[in-house]
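Please consult the sequence and the coordinates alongside the text.

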Amino acid sequence: VTSLKEGADLPIGVAVPAGGASNSIFVSEERKNIVLQHFSQVSAENIMKMDALHPSQGNFNFDAADELVNFAANNGLSVHGHVLVWHSQTAGWMESFSGSKVEWIDMMENHVTQIATHFSGRLHSWDVVNEAFLENGEYRDDGSIWYQNIGAEFIERAFTTARSADANAELYYNDYNLSSSEPKIDAVVAMVKDFQARNIPIDGVGFQMHIGADSPSADTIKAHFQKVVDLGIKVKITELDIRMNATNNDDALTPDIAERQKERYYEVVSAYLETVPAAQRGGITIWGITDADSWIINLYDQPDWPLLFNSELEAKPALQGVADAI
Ligand code: XIL
């Protein structure tokens with residue numbers, strides 16, 4: 001595959017590991033070259049999260065993120081911002097913030113305003129709120145300082161505030177298991193319908209898609225994309241990776257596993273392109289560059305090979321699978 005993005009009529013993105021000020025934004029020159037060759041959009045894997053951008057109250061650290069955004073602009077890549085409000089990777093000072101509901105609203109809205117204003121005009125889109133629902137379709141309550149202290153209205157407030165600060169960035173609600181959990185996708189659909197009825201801005205739903213080799217099935221994935229297509233807004237695959245060793249039976253990526261992964265990437269990307277009309281395609285982002293970088297390895301603490309390039313930075317059959325589908 002010469003270039004994944006070549007001839008594609010939708011953003012083809014990748015999450016870049018971006019180490020921080022002392023580090024190159026791509027960790028290595030080879031990774032940077034892969035990004036330039038194959039991708040048209042970048043997401044920051046960590047450096048645009050709440051803790052990274054807003055480490056102490058009123059103190060913002062934009063250096064690493066600005067470096068990434070400038071690099072993207074200079075090289076014709078768009079940037080998908082990740083993430084304005086999430087219950088995870090919040091700053092320590094937010095966790096220990098104490099105040100009335102009004103003060104919490106103020107604190108959260110100020111965070112969104114400062115950050116969305118800083119990047120205004122430079123980002124293609126934002127994940128405005130991440131992971132606000134549980135698998136059963138209920139709001140994540142105990143696990144989220146935002147829900148606990150503000151209630152469900154934190155979500156719409158984040159969207160309205162983001163739109164005021166940046167009129168042009170597309171605004172996404174982002175979550176995991178949306179392609180597998182029916183109660184969860186249905187809860188998101190109900191939220192979007194409610195937003196649309198009350199003129200709360202929302203432009204799309206991000207399906208993270210940290211998925212396995214066998215499930216969800218292509219039919220289920222398509223049916224869940226279709227629910228969002230029917231709302232008339234965009235569908236974006238925001239964090240695609242495919243685990244191949246969930247049972248931990250393998251300690252190396254064999255040709256057989258690599259071939260099954262290629263077919264699975266082909267199936268998922270095809271499901272997206274078959275279901276989502278061109279005008280509603282927010283794009284497809286792969287959550288990391290090489291298998292060695294993948295967060296999946298740390299998460300499960302066992303060998304796996306979820307991405308398109310191996311730890312030697314060589315293209316895997318999976319890359320061909322995505323290219324064939326596009
Ligand atoms: C992950 C990063 O990949 C890791 O480096 C970090 O340690 C934890 O977060 N859902 C999201 C992403 O929205 O921000 C997460 O990224 C993966 C799950």
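Why is strand 3 (residues 78-85) largely enclosed by the rest of the structure? Seven of the eight residues of strand 3 are buried, so the strand is largely enclosed; a residue is buried if 20 or more other C-beta atoms, placed from the backbone, lie within 10 Å of its own. The model is a predicted one, in which local features need pLDDT of at least 70 and side-chain atom pairs count only at pLDDT 80 or more, while totals for chains, interfaces and linings use all residues. Residues are numbered from 1 along each chain as its sequence is written.

**Strand burial**
- Strands are DSSP runs of E with at least two residues, helices are runs of H or I with at least four, and both are numbered from the N terminus.
- Strand 1 (residues 12-16) is likewise largely enclosed by the rest of the structure, because five of its five residues are buried.
- From strand 1, Ile12, Val14 and Val16 point one way and Gly13 and Ala15 the other, and all are buried.

**Strand pairing**
- Two strands count as paired if DSSP finds at least two bridges between them.
- Strand 1 runs parallel to strand 9 (residues 281-286), with three bridges joining them, and Gly13 stands opposite Thr285 of strand 9.
- Strand 1 also pairs in the parallel sense with strand 2 (residues 41-44) over four bridges; the bridge partner of Val16 in strand 2 is Ala44.
- Strand 2 is joined to strand 3 by three bridges, and the two run parallel; Ser43 has His80 of strand 3 as its bridge partner.
- Strand 3 and strand 4 (residues 125-130) run parallel and are joined by four bridges, with Asp127 in strand 4 as the bridge partner of His82.

**Helix packing**
- The axes of helix 9 (residues 218-229) and helix 10 (residues 255-275) come within 9 Å and cross at roughly 35°; axes are lines fitted to C-alpha atoms over the stretch in contact, and angles run from 0 to 180 degrees between N-to-C directions.
- Residues in contact have C-beta atoms, placed from the backbone, within 7 Å; those of helix 9 include Ile221 and Phe225, and those of helix 10 include Val268 and Tyr272.

**Ligand surroundings**
- Glu45, Asn46, Asn130, Gln208, Glu239 and Trp295 surround the ligand, where a residue is near if its C-beta atom, placed from the backbone, lies within 6 Å.

Notes
A residue is buried if 20 or more other C-beta atoms lie within 10 Å of its own, exposed if 12 or fewer, and partly exposed in between; C-beta atoms are placed from the backbone. Two residues are in contact if their C-beta atoms, placed from the backbone, lie within 7 Å.
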